[in-house]
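Colleague: Could you walk me through how the ligand sits in this one? I would like the cut-offs spelled out as we go.
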Amino acid sequence: MKSVKVGIIGCGNISSIYCQAGQKFDVLDIVACADLDYERAKARAEEYGISKVYTVEDLLADPEIELVINLTIPKAHAEVCIAALEAGKHVYVEKPLAVTREDGQRILDIAKEKGLLVGGAPDTFLGGGIQTCRKLIDDGVIGQVVGATGFMMSPGHESWHPAPEFYYQVGGGPMFDMGPYYITAFINLLGPIRRVTGSTRISFPERTITSQPKHGQKIQVEVPTHITGILDFENGAIATLITSFDVAGSNLPNIEVYGSKGTIHVPDPNTFGGPVYLRKHGSREWEEIPLTHGYIDNSRGVGVADMAYALRSGRPHRANGDLAYHVLDVMHGIHDASISGSHYELKSTCEQPKPLPVGLEEYTLDM
Ligand SMILES: NC(=O)c1ccc[n+]([C@@H]2O[C@H](COP(=O)([O-])OP(=O)(O)OC[C@H]3O[C@@H](n4cnc5c(N)ncnc54)[C@H](O)[C@@H]3O)[C@@H](O)[C@H]2O)c1
């Protein structure tokens, strides 16, 4: 199969793992990179043997490039995705798809109009841990699904991150930062969501940075930092999701899924591996379930590799724009519901992504 020529825009922290994916997956051929900061792009190119270092404009003008991976900051996601699509490139973007629903919808509309593909992170749901959970559910091991819980409980990032302000500004907050992992995992396990409600609060309107180099500086908090959501799925399951920057610590699991015949303890959706535990109805013991699928190490990039296969074979890709938009709509919906005091009926939906087949060879996907 002919590889897909890829250009990366945004050469910050997360770009390394995508460059590594380019070396591992034959279907991805990363030929160019660009950043607002040219030196950063140059450094990544040297590190990973990427032949062309560009400005964003020049990268988009290169006819060799078929697909752009957008690894810029969330505030720039929409602008860069739209510029890539306007230049005739398929685009895969880090999470979230965009900051606002309007921008997210524009990305999907332009892609549709131009016959181009949009994909979006996270792709951790393609990892061996969550795929194993999906197989347990699909195989009927926990019977009829009743509901799920998800907990992302943290004290915030000002004690360690060198520049933590953005976590507390519009586009930040625990839901927009970490919610995509949880909600994407939920949709992969349970299907699309019908309606949501929730309550949000800003527990600490002013926070103090204790990391270096900004030690002692104050942050004015603009967005909710403790968010409790209730999600009703189209299949009837009900989930509770808490994302917080306001708790000192917690023993709650990341995700559990409850069925008529048992409970699955799902691994951290910000990782690819296990462990997966099952507790059958009537049993007091948790049993560790051997993982049935590969991609258990940090495999960021498997989602865009899947999209590259889709491009060549014509099949749908799993981490697609409809899924990323549905996740964005759910996150906003939970915040909106807290203000309106009612349920928010989702205006978007998506297909539950097809599970990965068992027994894939390393760094390949199905056609
Ligand atoms: N860092 C992580 O652990 C992590 C994990 C998962 C997902 N992400 C996501 O990855 C994305 C990038 O995160 P990061 O940690 O690499 O951020 P970063 O700040 O380290 O890197 C972002 C890069 O994008 C560049 N950039 C910003 N706007 C641009 C524009 N308009 N055109 C071109 N370049 C532009 C910046 O100069 C910077 O080099 C974010 O969407 C984030 O949510 C990050």
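Modeller: A polar contact here is a pair of N or O atoms within 3.5 Å; within protein, one must be able to donate a hydrogen and the other to accept it, and residues adjacent in sequence count only if both atoms are side-chain atoms. This is a predicted model, in which local features need pLDDT of at least 70 and side-chain atom pairs count only at pLDDT 80 or more, while totals for chains, interfaces and linings use all residues. Residues are numbered from 1 along each chain as its sequence is written, and side-chain values use heavy atoms, with hydrogens and water left out.

Colleague: How far is the backbone N or O atom of Ile14 from an oxygen atom of the ligand?

Modeller: That distance is 2.9 Å for Ile14, and a backbone N or O atom of Asn13 lies 3.0 Å from a ligand oxygen. Arg40 instead brings a polar side-chain atom to 2.5 Å from an oxygen atom of the ligand. The protein buries 77% of the 820 Å² that the ligand exposes when taken alone (accessible areas by the Shrake-Rupley method with a 1.4 Å probe).

Colleague: And which residues come nearest to the ligand?

Modeller: Asn13, Ile14, Asp35, Arg40 and His77 do, out of 20 residues around the ligand, where being near requires a heavy atom within 4 Å.

Colleague: What is the make-up of that shell, by nonpolar, polar and charged?

Modeller: The shell divides into 10 nonpolar, five polar and five charged residues, with Ala, Val, Leu, Ile, Met, Phe, Trp, Tyr, Cys and Pro counted as nonpolar, Asp, Glu, Lys and Arg as charged, and the others, Gly among them, as polar.
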